[in-house]
Amino acid sequence: MTSVLNHQQQLNGSKFMRKFKILIILLFVVIASSCGQQKKYISYTVKKGETLKGIAKRLGIKTKDLLSLNPDIGRKPVPETLIIIPNNEYQQIEEASNSIENNNSILVSDEVPVVEELKNDFILHKVEKGDTFYNLTRAYNVSKAQLNQLNPSIDSLGLQLDMLLKIKPIEDEDLLVLYKDTIQEDAVVNLAMLLPFRAIEYDTIDAKDIFKTNRLVNITTDIYLGASLALDSLKSLGVAIELSVYDTGRKDTKLDSILAVTDFDTIDAIIGPLYSEEVPKVANRTGVPVVFPVYSKNQTRFSSSKIIKTFADRELHQKALVDHVLVNYTNENILIIGDSSATSIRNSDLIKSRLVQHDSINEALIIYPNEGYIRKDYVINALKPDVGNWVILATDKRVISSDVINSLISLPVEEPEEEEDEEEDEKSEEESDEPEMQILPEDTVIKVFGISKSSQFDKIDNNKLAKLGFTFTSDTFIDENSPEIQLFHSQYLEKNYAYPSYYATRGFDILFDIGMRLASGKKLKETFKQGVSYRLESKFEYSKSLFNTSSNHGIYILKYNPDLTLTRIK
């Protein structure tokens, strides 16, 4: 009975909003006619694939303002919907924008009225001690050229304290609060690392044989070497920091004895251990923040408030990817590729469930393997030639991913007509066991999405991924041309006679971030409330609760370009 009443109330509310909207239109018409002036508002018919966000952007107004003019219209109106839009607003905004563009970067204390005006149109940033072009471009996902364009003075003056920068025009997005590195005077930071070096075990084995066959040893060593360089960097910045390192050996062999004889009361945070099963034990027995520096599928079981996960859970990657799809959806045909595992089936269903909650997405087709592989005809016949096709890979299986990529690369297109004997043609069709597939135009639009680029893509040609505009989530993003990255590479090479690996750079980022946060004089988890930090490759956006396991939500969304470079979308 309650649901029926609620439904009736919704209907009545919808009727009221339609009447209210008609009244607004009539009111605008009456005012415009009585004043003998041009209408301030006019009607507009929504075209196929248009969204309110896109329309608002073309008009030069905010989406929320367009929504307030059309309270009964969702963000994804159906084609032919009649909406209200401002008349000539685009020209006015463009003139105002051109006026603002001519302003150089300003100091906060100089032009308060101008600052208030800029706040309505631009994301602003006040330059503080320690800010660099590298940190700003990574934090806000803009290029240095874009900063120079909006702030011409920085090309000659550089970054100056208290300078107010225009970062980029405001769009409908959540603004990140950036963590500001501060070093408290007289602050002392004490860290510990628990890593499975297994030094005694490998003492009599040649180093080449150890690193050639043991992946864990490589990971352990690289994390330590990267962290050592971070330690040097922190000391050079004036941070009084000390690091104690412990060899935990094989799983469950040396950890208990280390915990029994070591006093961790003066330690601010522990980085490690690498075995996920050992992490809760360390957190419970030491009472010290324990930073888990690698990813494990078992990390979802962590429950201690002392544990800090530096890698995002897969569920967070999946959510980030689906959010990206929902924000950018414009009437595409969506396919979800799963596999036969219970995890993939569950994830495929969850992805579909979230997608169809969108106002304009009525269907998302899930395709599962047949006898261990994805049939090409299933994929091809599910594509639509007249709209874009978005294919989401909800599988970790290398064979499945490879099947799908190869099927999408080699579309069946119409071949030139040849004169053949009709009887022979009919006979060949009867004898063929090949499943029928639709013929598609060569310009059929296909884009592939993945939940992180894991080892399942290692044997897939990157040219194929680039051709399909492969878009994926990632824990890291690196700009090889940045001065900071180049400096790190040269210092690492000079010290270790090799270029840093993925884990070496990650080890640097983790220790540098933890050390710098503790150098503020605050407790580690308290600093998580103060914003997101960007390091060489990593983004650390930790959950803020003091009473739960801290999870890193710092996820990038990257896209392959035709030239095999990567563009950071988010």
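This is a predicted model: local features need pLDDT of at least 70, side-chain atom pairs count only at pLDDT 80 or more; totals for chains, interfaces and linings use all residues.

Reader: How are Phe488 and Phe508 arranged, in terms of distance and angle?

Author: They form a tilted aromatic pair, with 4.9 Å centre to centre and 55 degrees between the planes. Phe488 belongs to helix 19 (residues 483–496) and Phe508 to helix 20 (residues 502–518), so the pair ties together parts that are 20 residues apart in sequence.

Reader: How many aromatic pairs are there?

Author: The count comes to 16 aromatic pairs. Ring pairs also link Phe457, Phe470, Phe472 and Tyr560 into a cluster.

Reader: And charges over rings: where does Arg506 lie?

Author: Arg506 lies over the face of Phe311, at 3.9 Å from the ring centre. There is also Arg517, whose charged end sits over the ring of Tyr179, 4.4 Å from the centre of that ring.

Reader: Let me step back. How many helices and strands does the protein chain have?

Author: Its secondary structure comes to 21 helices and 20 strands. The protein chain has 570 residues, and buried residues make up 44% of them.

Reader: Among contacts between residues at least 6 apart in sequence, what share joins residues at least 24 apart?

Author: In the protein chain, that share is 68%.

Reader: What holds strands together in general?

Author: Strands of a sheet pair through backbone hydrogen bonds, and the pairing may be parallel or antiparallel.

Reader: Then which is it for strand 15 and strand 14, parallel or antiparallel?

Author: Strand 14 (residues 446–450) and strand 15 (residues 471–474) run parallel and are joined by 2 bridges. Within this part of the sheet, Gly450 stands opposite Phe472 of strand 15.

Reader: And how do strand 15 and strand 19 pair?

Author: Strand 15 pairs with strand 19 (residues 556–560) in the antiparallel sense, over 4 bridges. Here Thr473 stands opposite Ile557 in strand 19.

Reader: Are the faces of strand 15 covered or open?

Author: Both faces are covered: Thr471 and Thr473 on one side, and Phe472 and Ser474 on the other, are all buried.

Reader: What about the open sheet of 6 strands?

Author: Its order is 7-6-8-9-10-18, with parallel pairing. At the edges stand strand 7 (240–247) and strand 18 (550–551); each has a single partner strand, so one side of each is left without a neighbour in the sheet. Strand 9 (residues 290–292) and strand 10 (residues 307–309) run parallel, joined by 3 bridges, and Val291 has Ile308 in strand 10 as its bridge partner.

Reader: Which helices pack there?

Author: Helix 12 (residues 279–286) lies across strand 6 (188–195), strand 8, strand 9 and strand 10, at about 165 degrees to strand 9. Helix 20 packs on the sheet too, touching strand 6, strand 7, strand 8 and strand 9, and its direction makes about 150 degrees with that of strand 6.

Reader: A new topic: why does His125 count as buried?

Author: Its relative accessibility is 5%, and the cut-off for buried is under 20%; therefore His125 counts as buried. His125 is found in strand 4 (residues 122–126).

Reader: Finally, where does Thr262 lie?

Author: Thr262 lies in the loop between helix 11 (255–261) and strand 8 (269–271). The side chain of Thr262 reaches the backbone oxygen of Ile258 at 2.7 Å.

Key
Residues are numbered from 1 along each chain as its sequence is written. Side-chain values use heavy atoms; hydrogens and water are left out. Buried means under 20% relative accessible area, exposed over 50%, partly exposed in between (1.4 Å probe, protein chains only). Two strands pair if DSSP finds at least two bridges between them. Rings of Phe, Tyr and Trp (its six-membered ring) pair if their centres lie within 6.5 Å; planes under 30 degrees apart count as stacked, over 60 as edge-to-face and the rest as tilted. A charge sits over a ring if NZ of Lys or CZ of Arg is within 6 Å of the ring centre and within 35 degrees of the ring normal. Contact means heavy atoms within 4.5 Å. A polar contact is a pair of N or O atoms within 3.5 Å; within protein, one must be able to donate a hydrogen and the other to accept it, and residues adjacent in sequence count only if both atoms are side-chain atoms. Axes are lines fitted to C-alpha atoms, for helices over the stretch in contact, and angles run from 0 to 180 degrees between N-to-C directions.
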